[in-house]
There are 2 protein chains.
Amino acid sequence: MAVAGPKIIKSLERGLRVLQALQMQPDSSLHQLYVFTGISKPSLLRILNTLARSGVVTRRLADGSYRIGATLSRAPSRRERRDRIAEAAAPVLERLCRRVSWPSDLMVPAGDHMEIRETTRARSPILLQEERVGLQVNWLLTGVGRAYLAYCPAKERQEIIEMLRTSNKAEDRLAREPARLNTILAEVRARGYATRDPTHVGGWYGKPPHADGLISIAVPLRDGARVLGSINIVWLRTAFSVEAFATRHLEELQDAASEIVSSVRGRRAR
Amino acid sequence: MAVAGPKIIKSLERGLRVLQALQMQPDSSLHQLYVFTGISKPSLLRILNTLARSGVVTRRLADGSYRIGATLSRAPSRRERRDRIAEAAAPVLERLCRRVSWPSDLMVPAGDHMEIRETTRARSPILLQEERVGLQVNWLLTGVGRAYLAYCPAKERQEIIEMLRTSNKAEDRLAREPARLNTILAEVRARGYATRDPTHVGGWYGKPPHADGLISIAVPLRDGARVLGSINIVWLRTAFSVEAFATRHLEELQDAASEIVSSVRGRRAR
DNA sequence: ACGTATGTTTCACATTGTGGAATGCTGCGC
DNA sequence: GCGCAGCATTCCACAATGTGAAACATACGT
């Protein structure tokens, strides 16, 4: 009936179908791909393992969802660039998590807040409250936000503060006290890391604040003069003092940051 | 011995290996890929057929070599952009060749000359002298060169002519006679197509000129104000007069040109 | 605590991919 | 003009490889 046609390798074709599905719908779960492509889940798993092993797709640590890897990415849209950072960060954060035993997050700026792009909370042996990718956190009160502000170019910092000041939200009142803010940021630069505001007893932006008992140290991802985002390590504040924790793990955190940055640069250079 | 590891689909992995080989070495022949990847030729053929059917790789009409398709291209370097035009042109030129029975070429600007990027001469039922991709032709004396010059933005035209004038080659002396050149280009615009200079009796740039008995009509690939290149149809000058041929086939040629342009735009828009 | 939705592993089965050898095709040197 | 060399494509016997149903594991909501 149908013309014989040139011989086709079916399993390869299915693999490409999965790739195309991922291009249309980045960050898909296994189930989403199952619905979208109609390929059985075991087969999908094998295909995705294969694609991942070749670096064509990457998995997100936070929830295990799949995305197209840097080697194939097309137009470097803003969204894709953030995903590249997350992709580069994933293996580094994973190692960090294994060595330190406490989880960490990668945050990048997004409008008037910072946003989680990757996290190892699901992988940490100690189960802390789980956070989702895309969750937004305050810029002035969190460690990650302050780490970013302390090291980003002065011009960018002024624009951000200006934006927050005009927003006029209660939690952004620090934007209206430049002297205090500058003192805080100077301290961050002096110590080399940032922590959350003592009055900000946990509770992420957008959620009802509650004392979560957590604390973190955060450092920026510095790429030359620019700052791409920041990463942190989170622990239970009852376990260690900030100073003790920093003495122990700050260097590892900073090493992770520079490794992520150089990895992102490497990918872009290609 | 080796750890079992997650299940991998070998044939898919081999397909990806071929893709990576093509990324490192664009425009590879089957044999080159065979040497490079170590995969047997029959298998390579099946793999490439599969990749081609999914639009991930494309074949060049001129010599059948393979290249990575537009859907996956990464950094849009200048070289890659030219390849995109060639890729978009290939199917259109192939149809044109089947309908008209005479071959055509796609040429794009490259420094102080124009360059063949695709051709159907190998596919034409009438075997004309074969031309290779990358061959360079004169800008002022050929139909394709004149079609480009006649329709490209005035500023770009002036730069090109200036460059040719200072080159001081004998075959570029027309660049030193602006009045005559302008008359010629005005004629091209009036008729809607260009032909080679009557004194330029064949013989491509870089080859010893000889009367090849060929003639062509050429039209530009106009993308808004810009011109991406030009395409032509070639025939034996003894078979038809230029006017008779244009009456018969000019419209088809122009349709092909606009189809190629919109195809390139579509690919870029994605 | 229970049920549901999703991710992962196992396994028996046959579809599917594989490369050596045979066949075409094209260009080159003599 | 002829034969040879190199490359592309087709054929085919063989078994390796991919496949999905079902069982199992894990996370999530209520």
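Tutor: Start with burial: a residue counts as buried when 20 or more other C-beta atoms lie within 10 Å of its own, as exposed with 12 or fewer, and as partly exposed in between, the C-beta atoms being placed from the backbone. The model is predicted, so local features need pLDDT of at least 70 and side-chain atom pairs count only at pLDDT 80 or more, while totals for chains, interfaces and linings use all residues. Residues are numbered from 1 along each chain as its sequence is written; chains are lettered from A, and ligands numbered from 1, in the order in which they are written.

Student: What percentage of the residues in chain A is buried?
Tutor: Chain A has 270 residues. The buried part of them comes to 40%.

Student: Among contacts in chain A between residues at least 6 apart in sequence, what percentage joins residues at least 24 apart?
Tutor: Two residues are in contact if their C-beta atoms, placed from the backbone, lie within 7 Å. Take the contacts in chain A between residues at least 6 apart in sequence. The part joining residues at least 24 apart is 59%.

Student: Which elements give two or more residues to the side of chain A that touches chain B?
Tutor: The contact joins 18 residues of chain A to 18 residues of chain B. Of the interface residues of chain A, 94% are also interface residues in chain B, so the copies meet through the same surface. On the side of chain A, the elements giving two or more residues are H1 and H3.

Student: How many residues of H1(A) should span what distance, and what separates its end C-alpha atoms?
Tutor: The expected span is 1.5 Å times one less than the number of residues. H1(A) has 15 residues, so it should span 21 Å. Its end C-alpha atoms agree, being apart by 21 Å.

Student: What do the buried residues of H1(A) pack against?
Tutor: Those buried residues are A:Leu12, A:Gly15, A:Leu16, A:Val18, A:Leu19, A:Ala21 and A:Leu22. Within chain A they pack against helix H2 (30–37), H3, strand S1 (57–59) and strand S2 (66–68). From chain B, they meet H1 and H3.

Student: How are H1(A) and H3(A) placed relative to each other?
Tutor: Axes are lines fitted to C-alpha atoms, for helices over the stretch in contact, and angles run from 0 to 180 degrees between N-to-C directions. The axes of H1(A) and H3(A) come within 10 Å and cross at roughly 80°. Under 35 degrees counts as roughly parallel, over 145 as roughly antiparallel, 65 to 115 as roughly perpendicular and the rest as oblique. H1(A) and H3(A) are therefore roughly perpendicular.

Student: Which residues of H1(A) and H3(A) meet?
Tutor: H1(A) brings A:Arg14, A:Gly15, A:Val18 and A:Leu19. From H3(A) come A:Leu44, A:Ile47, A:Leu48, A:Thr50 and A:Leu51.

Student: Which residues make the contact of H5(A) with H7(A)?
Tutor: Helices H5 (residues 143–151) and H7 (residues 178–191) of chain A pack at about 85°, with axes 9 Å apart. That makes H5(A) roughly perpendicular to H7(A). H5(A) gives A:Arg146, A:Ala147, A:Leu149 and A:Ala150. H7(A) gives A:Ile184, A:Leu185, A:Val188 and A:Arg189.

Student: Is A:Thr119 buried or exposed?
Tutor: A:Thr119 lies in strand S4 (residues 113–119) of chain A. It has 31 other C-beta atoms within 10 Å, which means it is buried.

Student: What is the phi of A:Asp27?
Tutor: A:Asp27 is found in the loop between H1 and H2 of chain A. It counts as partly exposed because it has 16 C-beta neighbours inside 10 Å. Although A:Asp27 is not a glycine, its phi is positive, at about 55°.

Student: Where is A:Ser101 found?
Tutor: Phi of A:Ser101 is also a positive value in a residue other than glycine, near 75°. A:Ser101 has 13 C-beta neighbours inside 10 Å, so it counts as partly exposed. Its place is the loop between helix H4 (78–100) and strand S3 (104–110) of chain A.

Terms used:
Helices (H or I, at least four residues) and strands (E, at least two) are DSSP runs, numbered from the N terminus.
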